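Trainee: I would like to learn how to read a few local features of a protein model, going step by step. Could we look at one together?

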Amino acid sequence: MELIQTKEWKSLQNHYEQKMKSVHLRDLFKDNDRFNKYSIRLENLGILFDYSKNIIDEETKKLLLDLVKASDLKTWTEKIFSGEKINWTEKRAVLHSALRNMSDNSVFVDGKDVMIDIKNVLAKMEKFTDDLRSGKWLGATGKKIKSVVNIGIGGSDLGPRMVCEALKYYADGPAVYFVSNVDGADIYEVLKKLDPETSLFIVASKTFTTQETMTNANTARKWLVEKLGENAIKNHFVALSTNKEKVAEFGIDTNNMFEFWNFVGGRYSLWSAIGLPIACAVGFNKFKELLTGAYEMDMHFKTAPIEQNIPVIMAVLGIWYNNFFNAQSYTVLPYSQYLHRFTAFLQQSDMESNGKTINRNGEKVNYQTGQVLWGEPGTNGQHSFYQLIHQGTKMIPCDFIGIVNPPEKIGDHHEKLLSNFFAQPEALAFGLTKEQAIEALKASGTSEEDIRMLTPHKIFEGNKPTNSILLDELTPKTLGALIAMYEHKIFVQGIIWQVNSYDQWGVELGKKLANVILPELKQEKENVHDCSTSSLIKHYNKIKK
């Protein structure tokens with residue numbers, strides 16, 4: 001049945017219209033036990049999820065979970081973990097969970113236990129990173145590798161880059177750099193920092209044909225060969241790929257090629273060989289801790305009842321605001337500089353997964369699917385876009401992420417940071433009434449005339465929904481759990497919206513057109529497009545030097 005015609009959807013719509021549309025969080029918090037009712041603590045992972053500052057009551061929660069039950073989430077969860085090909089448009093399994101499977105259980109795809117290959121690649125990664133970090137692996141001139149450059153794009157960049165930043169405190173290996181943009185400035189600025197004798201390049205491309213990645217890889221290859229000669233490639237390049245022929249053609253020893261598989265989408269691949277730069281930076285043991293944290297979150301998602309299941313609750317809250325309150329976007333606000341790339345990473349995970357308009361039946365949906373995800377670390381964001389969240393005309397739900405015990409300890413920085421972390425959701429929820437605004441202005445000695453003028457500007461309506469996620473510590477394990485938590489949230493939303501969260505056909509069209517235009521920019525082919533595109537290309541060719 002069409003989603004919005006189901007009794008569960010209609011019940012939620014009626015509940016929103018008749019009750020929750022006009023409810024304020026100030027009223028909901030008259031219940032002094034609200035935090036205990038609407039929070040979940042995972043002791044084994046050191047995570048507290050507080051969703052009490054959401055515009056929901058017990059009836060809302062029941063109706064949202066009825067929607068989950070009607071979606072047959074339990075069956076779909078069994079399918080994704082068991083290797084069924086739930087990516088139906090590409091006829092692929094979706095098994096990023098297998099990459100971090102810490103049990104002895106087998107996982108089968110087309111009758112083959114994929115855990116054998118996964119464990120073999122992990123063992124190969126461990127040996128390589130141990131050799132690299134210890135100095136057993138040397139450059140062509142006999143020097144130890146001090147710099148590692150990951151060349152990839154999309155999931156081959158955003159995930160490992162984010163994790164390397166998040167775990168920078170633990171980094172005790174070579175310096176790790178990332179190059180992704182085909183804009184020459186990206187690799188130019190990185191190469192300036194490198195000594196060719198002590199640098200290693202990781203080229204991450206499943207097909208070894210990705211335009212941006214291979215353009216950057218060939219530039220790095222040319223740079224290295226000019227400095228050290230053709231024979232140096234085998235000491236200074238490794239590949240993350242499945243295309244042995246192309247890897248060998250590039251000059252990389254295929255023994256130094258790390259495999260990954262088509263049952264892992266790029267945006268879910270940091271747990272695979274794509275995570276090699278992470279292991280180079282922090283060591284393989286800490287990389288394994290990252291996998292362990294994700295595995296433990298997998299087990300929570302797989303086994304916890306939906307009433308106490310963090311990814312499920314996160315998912316239905318997102319649907320509640322997206323589809324009933326018409327909230328077009330939401331923000332993820334990590335109060336940790338180490339997590340400053342976390343939101344950018346989630347943008348791809350979420351928006352590439354659920355930015356879809358076609359459902360499982362091949363029909364166009366008539367309801368909103370994926371939300372726009374954005375954000376910056378606190379407290380930086382407070383000095384830029386929080387104004388719009390507090391007093392703008394749009395509802396923008398927020399996820400606040402904080403750390404109780406940060407790895408670094410400097411003065412009272414963290415107390416000041418966390419005071420803002422706790423204050424912002426409180427301010428967003430409860431705001432400032434007209435009476436409170438007037439009282440504060442009077443207390444500051446403001447004149448009656450100025451009070452009348454300023455009062456409307458000082459009122460904060462509040463009733464802005466937030467989740468607060470508190471990690472006991474930022475470790476590889478808790479980071480792994482946090483990432484997996486959002487992955488499962490995305491999965492649940494895709495199941496409810498009845499879309500394929502694991503293909504990305506929308507990425508392809510622009511790439512194909514770019515390949516048509518490239519020879520036109522080199523004036524090797526006639527420019528034939530619409531009048532706007534043609535004129536822009538002509539202008540470029542006229543002005544370029």
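Mentor: Let us begin with contacts: a contact means heavy atoms within 4.5 Å. Please keep in mind that this is a predicted model, in which local features need pLDDT of at least 70 and side-chain atom pairs count only at pLDDT 80 or more, while totals for chains, interfaces and linings use all residues. Residues are numbered from 1 along each chain as its sequence is written, and side-chain values use heavy atoms, with hydrogens and water left out.

Trainee: Which residues does N309 touch, not counting residues up to four places away in sequence?

Mentor: With those sequence neighbours set aside, N309 touches I40, H300, F301 and A304. As for its place, helices (H or I, at least four residues) and strands (E, at least two) are DSSP runs, numbered from the N terminus, and N309 sits in the loop between α14 (284–303) and α15 (310–324).

Trainee: Is N309 buried or exposed?

Mentor: Buried means under 20% relative accessible area, exposed over 50%, and partly exposed in between, with a 1.4 Å probe and protein chains only. N309 counts as buried because its relative accessibility is 1%.

Trainee: What does the side chain of N309 reach?

Mentor: A polar contact is a pair of N or O atoms within 3.5 Å; within protein, one must be able to donate a hydrogen and the other to accept it, and residues adjacent in sequence count only if both atoms are side-chain atoms. Here the side chain of N309 reaches the backbone oxygen of F301 at 2.9 Å.

Trainee: How many salt bridges are there by the rule used here?

Mentor: A salt bridge is a side-chain nitrogen of Lys or Arg within 4 Å of a carboxyl oxygen of Asp or Glu, and by this rule the count comes to 26. One of them joins D66 and K62, whose closest N and O atoms are 2.8 Å apart; both residues lie in helix α4 (residues 58–70), four residues apart, about one turn of the helix. Another links K127 with D131 at 2.7 Å between the closest N and O atoms, and these two lie four residues apart in helix α7 (residues 114–134).

Trainee: Why does D131 count as buried?

Mentor: D131 is buried because its relative accessible area is 15%. In the salt bridge between E189 and K192 (3.0 Å, N to O), E189 counts as partly exposed because its relative accessibility is 37%, whereas K192, at 52%, counts as exposed.
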